[in-house]
Amino acid sequence: MNNPQRIAFLKAHGTENDFVIVPDPDGRLDLPATAVARICDRRAGLGGDGVLRAVRSAAHPEARAMADEAEWFMDYRNGDGSIAEMCGNGVRVFARYLLHAGLVEAGDVAIATRAGVRRVHLAKTGDVTVSMGRAELPDESVVVTVDGRSWPARNVNMGNPHAVAFVEDLDHAGELSAVPPFSPAGVYPEGVNIEFVVDRGPRHVAMRVHERGSGETRSCGTGACAVAVATARRDGADPAVTGTPVTYTVDVLGGSLSITELPDGTVEMTGPAVIVAEGTFDPAWLAAALA
């Protein structure tokens, strides 16, 4: 980082899952976990559930193998600075940023992530649709416990790990200020995102989520996908068996997402992505954060 006063940022959100976007096309900016945590601090920083660093795939060692498929790599960090494989709302926001910055055209865009290449359909305005890949349903299950209540949770992997628990009332999830206890802990050695789900109507559910490394967030895109797949299986729906796509509306605290599972197993997520503001970091503050 030779010229901190020229380091730009944008603030954006997808169903109120909010992010700080840091353009770094040539991969020159080293963002240690402590700096990410300071940027995401809601009182002493810009505030956000995470940071999306926009790097050309060819310039990032974790993405070079994907450069022929996807020009841009989403280097996603949780609010505590830890690295995450994937962020569904983040991908929509990242794609909206690329269009906003004139780096891609509207239409179909490929984005590299640590969970692989994700394909996005990006209109000039309105919602963004992401092909999130196939859900994996490992055999291991866990039990989640909050305030003396326990529920079995479905193990779903959307490129990152999820435990989906169906509850009677979303208030039963508690404050979600800390990771809800789950067992056996060995099922998720790297931690897990935990969703609490209630029914709202036919193919319509609502959820709250504790995101690994961020705490409770207003929305989680991969979590909504995991919830839709888990709910479909609970309801006896499997598009791979029936040959018919299944769509669920998933309400999150920050809005609603539409999740469709196709017969080939691909999960598509559609929802908003909004650029809120852009500016530059104060050079002294950034230098201190990076120190």
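# Briefing on a predicted structure

At 8% relative accessibility, Gly48 counts as buried, because buried means under 20% relative accessible area. The model described here is predicted. A search of the whole structure finds five aromatic pairs.

**Gly48 and its surroundings**

- Gly48 is placed in the loop between α1 and β3, the latter spanning residues 50-56.
- Apart from neighbours within four places in sequence, the contacts of Gly48 are Lys11, Asp18, Cys40 and Arg42.
- Gly48 and Arg38 are ten residues apart along the chain, and their C-alpha atoms are separated by 9.9 Å.

**Aromatic rings**

- A pair of aromatic rings is described by the distance of the centres and the angle of the planes.
- Among the five aromatic pairs found in the whole structure is that of Phe9 and Phe281, whose ring centres are 5.1 Å apart and whose planes stand at 55°, so this pair is tilted.
- Phe9 belongs to strand β1 (residues 8-14), whereas Phe281 is in the loop between β18 (274-280) and α5 (283-290).
- Phe9 is buried, with a relative accessible area of 13%.
- Phe281 is also buried, at a relative accessible area of 5%.
- An edge-to-face aromatic pair is formed by Phe182 and Tyr188, with 5.7 Å from centre to centre and 75° between the planes.
- Phe182 and Tyr188 are both buried.
- Phe9, Phe281 and Trp285 are joined into a cluster by ring pairs.
- A charged group also meets a ring: the charged end of Arg234 sits over the ring of Phe166, at 4.7 Å from the ring centre.

**Contact between helices α1 and α5**

- Two packed helices are described by the angle between their axes and the distance between the axes.
- Helix α1 comprises residues 33-40, and its axis comes within 8 Å of that of α5, the two crossing at roughly 135°.
- Helices α1 and α5 are therefore oblique to each other.
- On the α1 side, the contact is made by Thr34, Ala35, Arg38 and Ile39.
- On the α5 side, the contact is made by Trp285, Ala288, Ala289 and Leu290.
- Sorted by class, the residues in this contact of α1 with α5 are six nonpolar, one polar and one charged.
- Trp285 of α5 takes part in this contact, and Trp285 also belongs to the ring cluster with Phe9 and Phe281.

- His210 lies in strand β13, which covers residues 204-211.
- The relative accessible area of His210 is 4%, so His210 is buried.
- Not counting residues up to four places away in sequence, His210 touches several residues, including Leu176, Ser177, Ala178, Val179 and Pro180.
- Val192, Asn193, Ile194, Gly215 and Glu216 are also among the residues that His210 touches.
- The C-alpha atoms of His210 and Asn193 are separated by 5.8 Å, although the two residues are 17 residues apart along the chain.
- Val192 is placed in the loop between β11 (182-183) and β12 (193-201).
- Val192 counts as buried, at 3% relative accessibility.
- When neighbours within four places in sequence are left aside, Val192 is in contact with Pro161, His162, Ala163, Phe182, His210 and Arg212.
- Between the C-alpha atoms of Val192 and Phe182, ten residues apart along the chain, the separation is 9.6 Å.

**Backbone features**

- Most residues other than glycine have a negative phi, and most peptide bonds are trans.
- The peptide bond from Ser183 to Pro184 is cis, and its omega is near -5°.
- Pro184 is found in the loop between β11 and β12.
- Thr15 is not a glycine, yet its phi is positive, near 45°.
- The location of Thr15 is the loop between β1 and β2 (17-23), and Thr15 counts as buried at 2% relative accessibility.
- Asp147 likewise has a positive phi, of about 50°, although it is not a glycine.
- Asp147 is in the loop between β8 (142-146) and β9 (149-157), and at 70% relative accessibility Asp147 counts as exposed.

Key:
Residues are numbered from 1 along each chain as its sequence is written. This is a predicted model: local features need pLDDT of at least 70, side-chain atom pairs count only at pLDDT 80 or more; totals for chains, interfaces and linings use all residues. Side-chain values use heavy atoms; hydrogens and water are left out. Rings of Phe, Tyr and Trp (its six-membered ring) pair if their centres lie within 6.5 Å; planes under 30 degrees apart count as stacked, over 60 as edge-to-face and the rest as tilted. Helices (H or I, at least four residues) and strands (E, at least two) are DSSP runs, numbered from the N terminus. Buried means under 20% relative accessible area, exposed over 50%, partly exposed in between (1.4 Å probe, protein chains only). A charge sits over a ring if NZ of Lys or CZ of Arg is within 6 Å of the ring centre and within 35 degrees of the ring normal. Axes are lines fitted to C-alpha atoms, for helices over the stretch in contact, and angles run from 0 to 180 degrees between N-to-C directions. Angles under 35 degrees count as roughly parallel, over 145 as roughly antiparallel, 65 to 115 as roughly perpendicular and the rest as oblique. Contact means heavy atoms within 4.5 Å. Ala, Val, Leu, Ile, Met, Phe, Trp, Tyr, Cys and Pro count as nonpolar, Asp, Glu, Lys and Arg as charged, and the others, Gly among them, as polar.
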